[in-house]
Amino acid sequence: MTTGVIFTLVVIGGALAYFAWRSLRGKEIDRRLIFLVIGATVALPLIFPLEFEHQPSPLVERIYERIEALPPGSQILLSYDFDPGMAPEVQPMADVITRHVLARGHRIAFMSLWATGQAQLNQTLNNVIPVDFPEAEIERDWVNLGFKAGNEGVLRVIASDLPKMFPTDVEGRPTAGMPALEGIRSAGDFDLVISFGGGKPGPREWILFVADPTGVDFAAGTAAVSAPELYPYYPNQMLGLMGGAKGAAEYETAFMGQYEQFADMPSPGRRIMGPLTMAHIVILALIVLGNVIYFRSRRERGTA
Amino acid sequence: MNRTLPFLLTFIVGFTIVIATFSPPLDRLAVDTAVFFSIIAVFAMILGGGNLVKINLVKITRRQRDWQFAIVTLVGFFFVLIIGLFKVGNPGGVTGQVDAPGTPFFDVYTYVFVPVGATMYSLLAFFIASASYRAFRAKNREATILLIAASIIMLGATPFGTMLTAWIPDSLDIFEVPNLHFFLMSSPNLAGQRAIMIGIALGVISYSLRVLLGVERSHIGKDGG
């Protein structure tokens, strides 16, 4: 344990002890003090990284195993349906899945239903593929179909006829004859479809308009706040789910554990789990202290 | 005419998609209609942009409350629109990709929009912490159940939850936080979500029928009904 981590734990522990002392005396905690402590709780574990052990959950493991089980050269569609607000949770999932898919020798078609998703997709294309897979060739190993306006309308079309909606890739090259899209007539022809997002359109619309009607294998990576509404689709219409930063951290752990050449890759999902875990602990402690004050004041009102 | 034409368009397009969905031979028709929808959706962006300009100009000219922010909105809107539309500073010229790395459009998105968007979302942490402390109290039985369930979900969303109950023997592993978290999400949450989804679906069917048959015309505007 480094000095920085000890300092972090002392600061957060000290703040919670002070809060507990005030609460036990029946005094409310000032809102500005709560903001200050939450700020420190998030910032310090980022400055002095706090690492935890991660065990992939069955929902994450099923996506990982599915990509592992596909024969090399399989075609996978990745849809970036999110914005910068969701990016800290969802972008790490998209990046690590891209690495896994290319490391297994599969082919990728990238697309987006969100205008902002196109830019998030470019982050993967600029930061992951040229760095870790310089040998991967556009058109042969991957293709960027880009953003299309129309939300569910786009999904309705590609469920029947993908080239009709995407006659060219994002840079205007005809998609017909591209090896990355060889034999693909509709989204149902892909071996696996993964949507990253948490809003609308997002994984839910993918299930309703593509996965369920075509029967294609589908998985989702979503912000933690959106994960509960996707559980009804697991495991029949959605083979796996990565929920929030924890899902990303679990996937990174599984991937980095098996592929030694990526053992030192950037793992933002795992890194973000330090501040996220500490923030959760502080919020839980605040809930407990809030109830201490509540029951104390109720008892005092009862005896008065 | 103002009322009849939109109603007829809604009726024809709506029923075309409904019938085509249940008639595989008409699938091509449904696909073509969805393509029309995507084309119209692009025009909706122009409409949205126009609306944004109009609302903010009115705000500025009438000196309404916080009108200064409207200036920031319009300056930001036109700045990004111009550098994107005319590909200002794009190394590839007007034929280059609009959001290629190194272009002003790329820089504005990466170094302004991304951090600002993430900051807005991150602010939630502060408000959630404060609200949890003040409002999340075991005032009655329902609130207590909610409190316990929320605590398990929060713990289950972190590795700390796993560490906390790692000592529990395998025979009692249902009480480990990750398993409790999965149970809550895949049983009570799933039941509630499905009930909500089925309710919403029934509501959507009912409302759609009202729109398609012209009973509900509020989408046409104030002249519509």
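## Close-up views of the A–B pair

**View 1. Where chain B meets chain A.** Together, chain B and chain A bury about 4900 Å², with 68% of that area on carbon and sulfur atoms. Keep in mind as you browse that this is a predicted model. Chain A brings 64 residues to the contact, and chain B brings 54 residues.

**View 2. Polar and charged pairs across the interface.** Here we turn to the pairs that link the two chains. Between chain B and chain A there are three salt bridges. One of them joins the side chains of R156(A) and D27(B), at 2.9 Å from N to O. Counting residue pairs in polar contact across the interface of chain B and chain A gives 16, both partners being at pLDDT 80 or more.

**View 3. The side of chain B that touches chain A.** Several helices of chain B each supply at least two residues to this side: α2 (27-61), α4 (104-135), α5 (141-156), α6 (159-164), α7 (177-186) and α8 (188-212). Among these, α4(B) gives the largest share, 16 residues. Sorted by class, the side of chain B that touches chain A holds 34 nonpolar, twelve polar and eight charged residues.

**View 4. The open sheet of chain A.** Six strands line up in the order β3-β2-β1-β4-β5-β6 in chain A, and their pairing is parallel. At the edges sit β3 (142-147) and β6 (240-243) of chain A, each pairing on one side only. On average, neighbouring strands of this sheet are turned by 15° against each other, direction ignored.

View 5. In chain A, β2 (residues 107-112) pairs with β3(A) in the parallel sense over five bridges. Within this pair, I108(A) stands opposite W142(A) of β3(A). Helix α3 (residues 58-69) of chain A packs on the sheet, where it touches β4 (192-197), β5 (218-222) and β6 of chain A. The direction of this helix makes about 120° with that of β6(A).

**View 6. Backbone spots worth a look.** Most residues other than glycine have a negative phi, and most peptide bonds are trans. Against that background, the peptide bond from K200(A) to P201(A) is cis, with omega near 0°; P201(A) lies in the loop between β4 and α9 (203-214) of chain A. Another cis peptide bond runs from Y234(A) to P235(A), with omega near 5°, and P235(A) sits in the loop between β5 and β6 of chain A. Over in chain B, R63(B) is not a glycine, yet it has a positive phi of about 50°. You will find R63(B) in the loop between α2 and α3 (67-85) of chain B.

Terms used. Residues numbered from 1 in each chain as written. Chains lettered and ligands numbered in written order. Predicted model: local features only at pLDDT ≥ 70, side-chain atom pairs only at ≥ 80, totals over all residues. Heavy atoms only, no water. Contact = heavy atoms within 4.5 Å. Buried area = accessible area lost by both parts, 1.4 Å probe. Salt bridge = Lys/Arg side-chain N within 4 Å of Asp/Glu carboxyl O. Polar contact = N/O pair within 3.5 Å; in protein donor to acceptor, adjacent residues only side chain to side chain. Helix = DSSP H or I, 4+ residues; strand = E, 2+ residues; numbered from the N terminus. Nonpolar A, V, L, I, M, F, W, Y, C, P; charged D, E, K, R; others polar. Pairing = 2+ DSSP bridges. Axes fitted to C-alpha atoms, helices over the stretch in contact; angles between N-to-C directions.
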